[in-house]
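Please read them with the structure open.

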Amino acid sequence: MPSSVMLKNLSDPIQLIYAGGTFGSYGRPLAPLSAEVFLPTLQKLLSAQDSTNNLPTVSWLENALIKDSSQLTPSDFAHFYQLLLNAYTKGDRRFVLITGTDTLSYLGAFLAEAFAGSDICIVLTASMRPLLESEILHSYNIDEHSDAWGNLNDSLKLAAAGESGVKISFGGESWPAQTVQKIHSHDLMAFTGHSRAAYPANSYIKNLPDTRRQHWLDDQQDLLSSIQTRAENASVHALYCLPNDVSMINNQLQALLSQPPCGIILLGFGAGNIPYSAALAETLTLAHERGHMVISASQCPFGGVSDSYAAGSWQYEHHVIAGGRLTIPAIYARLLWLLLRYDSPARRRQRWLNNVNQTGTNIKKR
């Protein structure tokens with residue numbers, strides 16, 4: 001983008017992206033409507049409601065990737081990054097992305113990492129029930145019992161304010177994307193989060209000077225091709241500790257040693273406690289030497305990890321990195337972004353430690 005091109009102001013339309021999920025599902029059995037059918041229907045509904053709800057003006061950002069969010073892959077995450085980056089480069093700044101609930105928190109946290117340091121405004125939303133009444137098969141009507149319309153309205157209003165950063169809006173609340181996690185598989189209040197977010201939420205800039213924005217965009221565009229290529233092979237694994245013999249978790253980790261450098265989330269008990277064995281300690285050291293990033297996380301939904309217990313602190317002596325208070329989706333997102341963004345294990349590790357330092361975690365870095 002030439003430096004003379006200014007970002008569009010807050011009177012310009014919000015760019016709405018439809019990516020599938022329950023929100024746009026319809027019929028018997030439920031299945032996502034195509035963009036060709038769903039978007040004109042949604043446009044009519046928005047136009048009809050605009051006069052009564054005072055909704056902001058929207059336009060549609062064309063997106064060819066529409067699927068159930070449980071099917072999303074690293075390459076799909078890179079697709080949405082490129083889609084948003086290209087629109088941001090052209091001067092658009094405010095976006096609402098409709099996706100599915102299964103990976104809503106993962107995609108939101110990934111986009112937060114990817115756009116850190118910018119002044120973009122992205123709001124992600126979804127729904128637990130379809131927007132359209134599926135019992136009426138000959139016309140498209142809003143289901144009054146669905147949470148979809150309320151979630152969309154709230155997201156559009158949040159995006160209209162234009163506050164920089166990536167947020168998730170759901171169930172009448174909104175949070176920085178990195179803090180959000182799904183806590184119920186059926187209830188309309190399916191997500192929770194908090195506002196005490198550190199990096200990347202605190203990296204966004206309210207009004208980014210044109211020159212700095214252009215430098216940021218140039219850096220991202222220069223790396224876009226390599227990011228897309230790396231996404232084809234990037235992998236993040238999760239090893240879940242259970243009350244089994246420690247050899248089981250050790251065998252799982254050993255099976256990854258021969259793989260290309262990847263991300264590994266070690267889901268421990270409580271504050272990150274991991275069963276100890278000399279063999280597992282040696283395997284963790286080998287994993288580090290071969291370029292893998294092993295991150296300690298907690299199976300608990302809240303609180304994160306600490307080194308207060310000997311049962312957990314020993315792993316940090318073998319190059320395991322503490323996940324701090326980050327959620328599992330946020331850890332996955334950060335690992336994936338580092339795998340795509342940086343070309344060496346050393347740079348990825350250095351960047352992770354720098355980011356975790358900014359979260360205020362009390363784990364000592366080794």
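1. Please read every value below as computed from a predicted model.

2. Packing of H2 on H9. Helix H2 spans residues 74-89, and helix H9 spans residues 328-341. The two pack at an angle of about 80°, with their axes 12 Å apart. Angles of 65 to 115 degrees count as roughly perpendicular, so H2 is roughly perpendicular to H9.

3. Who meets whom. From H2 come Pro-74, Phe-77 and Tyr-81. From H9 come Tyr-332, Leu-336 and Trp-337. By class, the contact of H2 with H9 has six nonpolar residues, no polar ones and no charged ones.

4. Aromatic pairs. How many aromatic pairs does the structure hold? There are 13. One of them is Phe-23 with Phe-38, an edge-to-face pair. The rings lie 6.2 Å centre to centre, with 90° between the planes. This pair links distant parts of the chain, 15 residues apart. Phe-23 is in the loop between strand S1 (14-18) and strand S2 (25-26). Phe-38 is in helix H1, residues 35-53. Buried means under 20% relative accessible area. Phe-23 has 0% relative accessibility, so Phe-23 counts as buried. Phe-38 is buried too, because its relative accessible area is 0%.

5. A pair between H2 and H5. Tyr-88 and Trp-216 are also edge-to-face. Their centres are 5.8 Å apart, and the planes make an angle of 75°. Tyr-88 is in helix H2, and Trp-216 is in helix H5 (residues 210-231). They are 128 residues apart, so this pair also links distant parts of the chain. Are Tyr-88 and Trp-216 buried or exposed? Both are buried.

6. The aromatic cluster. Tyr-88 and Trp-216 belong to one aromatic cluster.

7. Charges over rings. Arg-334 lies over the face of Trp-352, at 5.5 Å from the ring centre. Arg-341 has its charged end over the ring of Tyr-342, 4.7 Å from the centre.

8. Burial of H3. Helix H3 covers residues 104-114 and is mostly covered. Of its 11 residues, 10 are buried. Among them are Leu-104, Leu-107, Phe-110 and Leu-111. Ser-105 and Glu-113 are on the buried list as well.

9. Glu-113. This residue is found in helix H3. Glu-113 counts as buried because its relative accessible area is 5%. What is Glu-113 in contact with, leaving aside its neighbours within four places in sequence? The partners are Tyr-199, Pro-200, Ala-333, Arg-334, Trp-337 and Asn-355.

10. A cis peptide bond. The bond from Tyr-199 to Pro-200 is cis, with omega near 5°. Pro-200 is found in the loop between strand S10 (191-192) and H5. Both Tyr-199 and Pro-200 are in contact with Glu-113.

11. A positive phi. His-319 is a residue other than glycine, yet its phi is positive, near 75°. His-319 lies in the loop between helix H8 (310-313) and strand S14 (321-322). With a relative accessible area of 33%, His-319 is partly exposed.

Notes:
Residues numbered from 1 in each chain as written. Predicted model: local features only at pLDDT ≥ 70, side-chain atom pairs only at ≥ 80, totals over all residues. Heavy atoms only, no water. Axes fitted to C-alpha atoms, helices over the stretch in contact; angles between N-to-C directions. Helix = DSSP H or I, 4+ residues; strand = E, 2+ residues; numbered from the N terminus. Parallel < 35°, antiparallel > 145°, perpendicular 65-115°, else oblique. Contact = heavy atoms within 4.5 Å. Nonpolar A, V, L, I, M, F, W, Y, C, P; charged D, E, K, R; others polar. Phe/Tyr/Trp six-rings, centres within 6.5 Å; stacked < 30°, edge-to-face > 60°. Buried < 20%, exposed > 50% of the residue type's maximum accessible area, 1.4 Å probe, protein only. Lys NZ or Arg CZ within 6 Å of the ring centre and 35° of its normal.
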